[in-house]
Amino acid sequence: MNRYENLANVLSDRIEQGLYPAGIRLPSVRVLSSEHGVSVSTVQQAYRVLEEKQLVEARPKSGYFVKDARIQAALPAVCRPTQRPVDISQWDQVLELITSPHRPGVVQLGRGSPDVTAATLKPLSRLMGRAGQHQNLSAFHYDSIYGSEDLREQIARLMIDSGSHMDASNILITTGCHEALSIAIRSVCEQGDIVAVDSPSFHGAMQTLKGFGMKALEIPTDPVTGISLEALEMALEQWPVKAIQLTPNCNNPLGYNMPDDRKKSLLRLAQRYDIAIIEDDVYGELAYQYPRPATITSFDEDGRVLLCSSFSKTLAPGLRVGWIAPGRYHDRALHMKYITTGASATLPQIAIADFIKQGHYLQHMRRMRNQYQRNLCIMTDWVMKYFPCGTRVSRPQGGFLLWIELDERVDTQRLNRLLEEHLVQIAIGSIFSASGKYRNCLRINYAQSLTAKTERAVQQVGVTISQMLENC
């Protein structure tokens, strides 16, 4: 972490702890420079970071001041899903989201894609081109079924920040995180098995369960601390659950980071009932805090956690490069990899490995974390400004997805239909439930640069919701 980032974190902590109340004038640039033994430019950079996070504001000829405390919307309520295994539905709605055409002028608020326009990704484009030149014919051959050794070593180094110390030989490269989750599920479960999932949950993982003829057992999930361990324990006592699948860091769609003590308790539950944990960490690198939150895998001593991730959310989804660290299920996972896609595409693996080795990845991560955290503040303000009173909003700790709970009378599937004529699309809440709950919820993406056009789209969503309520 750079000096200015360290200083920005110190000042941010002081603001959050109330040591610097709203409206108070902060120490001058020269005072902080002397106090912390850093240059004036370092302090100025730190203040710019805090301005981007909307924690401070600069007043001409007066200095920097703590911004007035923001009024926070209420958090989404903890849903109480029926605690019994269910067959997964919602495929038609998921298909509509992932196949909707990119019509000119449509503002896509529902997709789970990162911003791929950042200048910090340009070196990756150059490396892709270089890897594909005729001098480097290795890019046109099958790679090992395990994936590029070079890339696996770089992933192992990156995962040290999450507390996970693993050897490259324990990692398999996959075609995106979706394949990693598919391999993980088939490595520990069979047709007819029951898998416990956090609720709301990533629709892709649930549709994978559906495709393999498995049932989902939805567990109530808190928007701050994650899956309810009490409800999970009751479910494990009552049902023959084969595995637990969840996203504990920068959760999709709620955005929380599960506290470490609860991760350890979850692992102890899995050990007591001798079941596997399938951990989706695809957003973990995008946590706003530093160091990034630990994985459940980092506390695992008997290899029962299958850790899945990819570069789809941190770099670009079109790369289709993911990975799995399957623990004790390595041999089974390798067979599942072989019978699905075999070796993954070679060229992007070469480029990503070089991108990381040359230091571009960490630079890109710093930029995107700052951008997404800044965009979160702006998007939350727009939702509070344009949506009806009583709207509940999540408080993501990382990533770029916002979960919104509306009045129970609002059906977001109908809302999405009404928004079509205004060239706006959202992700409806029911696709994040195995049984179609959360019909009054929606997910919004705030990854892209937020423009006046984006604000108008959010405003239109709010207006349409208000009209629906008026007609109820």
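**Figure 1. Pro-326 and its contacts.** Setting aside neighbours within four places in sequence, Pro-326 is in contact with Asn-170, Leu-172, Gly-303, Val-305, Leu-306 and Ala-333. Contact means heavy atoms within 4.5 Å. This is a predicted model, in which local features need pLDDT of at least 70, side-chain atom pairs count only at pLDDT 80 or more, and totals for chains, interfaces and linings use all residues. Residues are numbered from 1 along each chain as its sequence is written, and side-chain values use heavy atoms, with hydrogens and water left out. Pro-326 sits in the loop between strand E11 (322-325) and helix H11 (330-340). Helices (H or I, at least four residues) and strands (E, at least two) are DSSP runs, numbered from the N terminus. Pro-326 has a relative accessible area of 0%, so Pro-326 is buried. Buried means under 20% relative accessible area, exposed over 50%, and partly exposed in between, with a 1.4 Å probe and protein chains only. Ser-39 lies 287 residues from Pro-326 along the chain. The C-alpha atoms of Pro-326 and Ser-39 are separated by 46 Å.

**Figure 2. The eight-strand open sheet.** The strand order is E4-E11-E10-E9-E8-E5-E6-E7, and the pairing is mixed. Two strands pair if DSSP finds at least two bridges between them. Strand E4 (172-174) and strand E7 (226-227) are the edge strands, each pairing on one side only. Strand E5 (residues 194-199) and E8 are parallel, with four bridges. Val-195 stands opposite Ala-243 in E8. Helix H10 (residues 260-273) packs on this sheet. H10 touches E7, E8, E9 and strand E10 (305-310). The direction of H10 makes about 145° with that of E9. Axes are lines fitted to C-alpha atoms, for helices over the stretch in contact, and angles run from 0 to 180 degrees between N-to-C directions.

**Figure 3. Strand E9, seen with its partner E8.** Strand E8 (residues 241-246) runs parallel to E9, and four bridges join them. Gln-245 stands opposite Ile-278 in E9. E9 spans residues 276-280, and five of its five residues are buried. One side carries Ala-276, Ile-278 and Asp-280.

Figure 4. Strand E13 (residues 401-405) and strand E16 (residues 441-445) run antiparallel, joined by five bridges. Glu-405 stands opposite Cys-441 in E16.

**Figure 5. Where helix H5 crosses helix H12.** The axes of H5 (residues 122-131) and H12 (residues 346-357) come within 9 Å and cross at roughly 135°. That angle makes H5 oblique to H12. Angles under 35 degrees count as roughly parallel, over 145 as roughly antiparallel, 65 to 115 as roughly perpendicular and the rest as oblique. The crossing of H5 with H12 is right-handed. A crossing is right-handed if the near helix is turned clockwise from the far one by less than a right angle, and left-handed if anticlockwise. H5 brings Pro-123, Leu-124, Leu-127, Met-128 and Ala-131 to the contact. From H12 come Leu-347, Pro-348, Ile-350, Ala-351, Ile-352, Asp-354 and Phe-355. The contact residues divide into eleven nonpolar, no polar and one charged. Ala, Val, Leu, Ile, Met, Phe, Trp, Tyr, Cys and Pro count as nonpolar, Asp, Glu, Lys and Arg as charged, and the others, Gly among them, as polar.

Figure 6. Most residues other than glycine have a negative phi, and most peptide bonds are trans. Ser-199 and Pro-200 are joined by a cis bond, with omega about 5°. Pro-200 lies in the loop between E5 and helix H8 (203-211). The bond from Tyr-290 to Pro-291 is cis, with omega near -5°. Pro-291 lies in the loop between E9 and E10. Gln-54 has a positive phi, near 60°. Its loop runs between helix H3 (40-52) and strand E1 (56-59). Gln-54 counts as buried because its relative accessibility is 18%. Asp-274 has a positive phi near 50°. Asp-274 is in the loop between H10 and E9. At 53% relative accessibility, Asp-274 counts as exposed.
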